[in-house]
Amino acid sequence: MTSPVTRDAAVTVRVFTQRFSSTPRGARLARRLALHQLDRWGVPYGSETADTVGQLVAELAANAVTHGRVPGRDFELTLSYDSGARLRVDVSDTRGERRPTAPTAPRPLDEGGRGLLLVEALASRWAVLDRVPVGKTVRAELDLSDPDTDPDAGPDRGCGKPAAS
C-alpha cells in the first residue's frame, strides 16, 4: 500500500538588503528605498502596510544613525516579505554595547524618546538581536492578513511587546 503524495503550497519569501551611510541622509534613503521595494513587491505606496513599514524603517534607521553610529561604519536594512503572512524589518548597526530597552513614556518637554514607543505601537512584535560578528539588529515584524481573503487588509496590530530574542 502506498501513501498518497501531498504537496504543500509554494512559499515565496522576498528579501531586500542594502547598506546605508550612518547619516540622516542615509536614514531618509533607507525609508524611500524600502517603500520603493514594497511597491515592486505589490504593496502599493500609500497603503496602510506601506505607511506602517515606512514609519518603522524611519524610526529604526534614525535610531541606528543616532545611537548606533560608529564612524566609518554603515547600517544595514533588510526587509523580508512573506506575502499574506508577515513582513519583517531588520535594521542593524555595529554598536552592540548600546542596546535599546523597553520604551518608557517621555516627559512632555523631552525632545526624544518616542521612537520605540511608535515601533511598539505599530509592530506586531519587536526584538533586539545580537549581530555576528559585531553589533545588534533591531527587528520589527508585522503580521499580515491573507490578501486572498481580505484584499484591503492591513497589518494586524498585535500586542507590540518585545519578542524573545
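1. Buried means under 20% relative accessible area, exposed means over 50%, and partly exposed lies in between, computed with a 1.4 Å probe on protein chains only. At 3% relative accessibility, S124 therefore counts as buried. S124 sits in the loop between helix 3 and strand 4 (125–130). A polar atom of the S124 side chain is 2.9 Å from the backbone nitrogen of D143.

2. On provenance: this is a predicted model, in which local features need pLDDT of at least 70 and side-chain atom pairs count only at pLDDT 80 or more, while totals for chains, interfaces and linings use all residues. Residues are numbered from 1 along each chain as its sequence is written, and side-chain values use heavy atoms, with hydrogens and water left out.

3. Overall content. The chain has three helices and six strands, where helices (H or I, at least four residues) and strands (E, at least two) are DSSP runs numbered from the N terminus. Their order along the sequence is β-α-α-β-β-α-β-β-β. Of the 165 residues, 39% count as buried. Contact means heavy atoms within 4.5 Å. Among contacts between residues at least 6 apart in sequence, 66% join residues at least 24 apart.

4. Helix 1 against helix 2. Two packed helices are described by the angle between their axes and the distance between the axes. Axes are lines fitted to C-alpha atoms, for helices over the stretch in contact, and angles run from 0 to 180 degrees between N-to-C directions. The axes of helix 1 (residues 24–40) and helix 2 come within 9 Å and cross at roughly 155°. Helix 1 and helix 2 are therefore roughly antiparallel to each other; that label applies over 145 degrees, with under 35 roughly parallel, 65 to 115 roughly perpendicular and the rest oblique. The crossing is right-handed, meaning that the near helix is turned clockwise from the far one by less than a right angle, whereas anticlockwise gives left-handed.

5. Residues at that contact. From helix 1, P24, A27, A30, R31, A34, L35 and L38 meet A50, V53, G54, V57, A58, A61, A62 and V65 of helix 2. By class, the contact of helix 1 with helix 2 has 13 nonpolar, one polar and one charged residues. Here Ala, Val, Leu, Ile, Met, Phe, Trp, Tyr, Cys and Pro count as nonpolar, Asp, Glu, Lys and Arg as charged, and the others, Gly among them, as polar.

6. Helix 2 against helix 3. Helix 2 (residues 48–67) and helix 3 (residues 115–122) pack at about 150°, with axes 10 Å apart. That makes helix 2 roughly antiparallel to helix 3. Helix 2 passes helix 3 in a left-handed crossing. T52, Q55, L56, E59, L60 and N63 in helix 2 meet G115, L116, L118, V119 and L122 in helix 3. By class, this contact has six nonpolar, four polar and one charged residues.

7. N63. This residue of helix 2 is partly exposed, with a relative accessible area of 22%. Leaving aside neighbours within four places in sequence, N63 is in contact with G68 and L116.

8. H36 lies in helix 1 and counts as partly exposed at 38% relative accessibility. The side chains of H36 and Y45 are joined by a polar contact of 3.3 Å, that is, a pair of N or O atoms within 3.5 Å; within protein, one must be able to donate a hydrogen and the other to accept it, and residues adjacent in sequence count only if both atoms are side-chain atoms. The peptide bond from V132 to P133 is cis, with omega near 10°, and P133 is in the loop between strand 4 and strand 5 (136–144).
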